[in-house]
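Hi everyone, thanks for coming.

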Amino acid sequence: SVPLSFFGGIGGASKLGVLVKGSNYLEALAKVDTVVFDKTGTLTNGSFNVVAVHAENDVDPDELLAFAAHAESYSDHPIAVSVKQAYSGQIDQARISEVREEAGRGVAAIVDEREVLVGNDKLMAAHGASFTDCELVGTILHVAIDGAYAGHIVIADVVKPDAAETIERLHAAGVRKTVMLTGDRAEVAQAVTEELGIDEFHAQLLPADKVEQVERLLAAQTDGANLAFVGDGINDAPVLTRADVGIAMGAMGSDAAIEAADVVLMDDKPSNISRAIRLARRTMRIVW
Ligand code: ADP
Ligand code: MG
C-alpha cells in the first residue's frame, strides 16, 4: 500500500503548480542528482526579438524579412513566431506553395516559386547552400534564396527571471550536476550557462543528439541516483521519455510532451523544479 504522506507530497506539489503523475515519480524526483535542461523556452523565455537584419548580395532587407516570414508562416517554433512578429506586412498564403520544417535546423519552403531556406548552419549545409560565417552574438538565422546566400537575421532571447536562482537552489539542495542541451550555437549556449552557473553544456544538437547526450549522462550516473530532463516540449518527447524523470513545461509545451512527461509544470517557471525536488525529498524522509 502507498503511505498517506505520498499523497500529501503529491498534493503539496500540485499546490506549487507541479503535477506529479504518481507516487513512484515523487520517489524518483527525490533521488534526482543530475538535472538536464533544454534551452529555448525552458531556461529562456523563448520569445525572441529580431535585433538585426543583414541582407547581402543585392537583396533588400525588407524583402529578406518577407521571404523569411512567409517560409516560417506554418511553424509555431518560438523562432518562427518572432520572425513573423518582426515582419510588418501581411502573410499572403498564395505566395507559399511548399513548406518543410526540419527539427533542430529550420524550414525549407517555396515562396514566390523560389526555394527559400531559413535556419542554422546545419540547414544551409544540408541543402548545399553557401553562407557567410558570422561572429555576432545571438541566435543567427541564415536565409538562402534559390541556393544563393541572401543574408541573416539576428535574434535574441532572454533567460527567465528565476532561472539563475533555480540552478543555485538545485546545487544547494545537493544536485550534483546541471547540464544544458541546445540546438543553438555554442556562443549562445556558453553565454547562457555562464550567466546561470550551469556546470556543462552541449550545443548544435539535433533532437536525436539530445537523446544520445542523455543516454551518455545516464550511463555515468551513480547507483540509485536519478537524472531529470526538463523541456518545453518542442521536439523533446523522446528525451522526456528516456530520462528517469521527464519534466515538461505544461503551459507552453505540446500535448505530446505532456503525455511523455512524468511531471508537468503548470506555469513554465523553472524555480518550481527546485521546489518540487525539495518537497519530494522532505516527503520521502517522512515516509522512510
Ligand atoms: P533548443 O535546443 O534551444 O530548444 P531547437 O532544438 O528548437 O532549440 O532548435 C535548435 C536550432 O534549430 C535553433 O537555434 C535554430 O537555429 C534552428 N531552428 C529550429 N527551428 C527553427 C525554425 N522554425 N526557423 C529557423 N530556425 C530554426
Ligand atoms: Mg526547445
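This is a predicted model: local features need pLDDT of at least 70, side-chain atom pairs count only at pLDDT 80 or more; totals for chains, interfaces and linings use all residues.

Residues are numbered from 1 along each chain as its sequence is written, and chains are lettered from A and ligands numbered from 1 in the order in which they are written.

Domains, then. The protein chain splits into domain 1 (4-45 + 159-287) and domain 2 (49-156), with bounds from an automatic or database domain assignment. Their C-alpha centres are 31 Å apart. Where they touch, 13 residues of domain 1 meet eight of domain 2; contact here is C-beta atoms, placed from the backbone, within 7 Å. On the domain 1 side, helix 7 (residues 186-196) gives the largest share, three residues. Helices are DSSP runs of H or I, at least four residues, and strands are runs of E, at least two, numbered from the N terminus.

Now, where does ligand 1 lie? Both domains give residues to its shell, so ligand 1 lies between them. There are 23 residues around it, and Thr40, His77, Gly106, Asn120 and Gly183 come nearest; near means a C-beta atom, placed from the backbone, within 6 Å. Helix 4 (78-86) and strands 5 (106-111), 6 (114-119) and 7 (139-145) each supply at least two residues of that shell.

We have an open sheet of seven strands, in the order 1-13-12-11-2-9-10, with mixed pairing; strands pair if DSSP finds at least two bridges between them. Strand 1 (18-20) and strand 10 (200-202) sit at the edges with a single partner each, so one side of each has no neighbour in the sheet. Strand 9 (residues 177-181) runs parallel to strand 10, and three bridges join them. Val179, for instance, has Glu200 in strand 10 as its bridge partner.

Last stop: Tyr25, in helix 2 (residues 23-30). Is Tyr25 buried or exposed? Tyr25 counts as buried, because it has 21 C-beta neighbours inside 10 Å; the cut-off for buried is 20 or more, against 12 or fewer for exposed and partly exposed in between, with C-beta atoms placed from the backbone. Leaving out residues up to four places away in sequence, Tyr25 touches Val20, Val245, Asp262 and Val263. His54 is 29 residues away along the chain, and the two C-alpha atoms are separated by 48 Å.

Conventions: Two residues are in contact if their C-beta atoms, placed from the backbone, lie within 7 Å.
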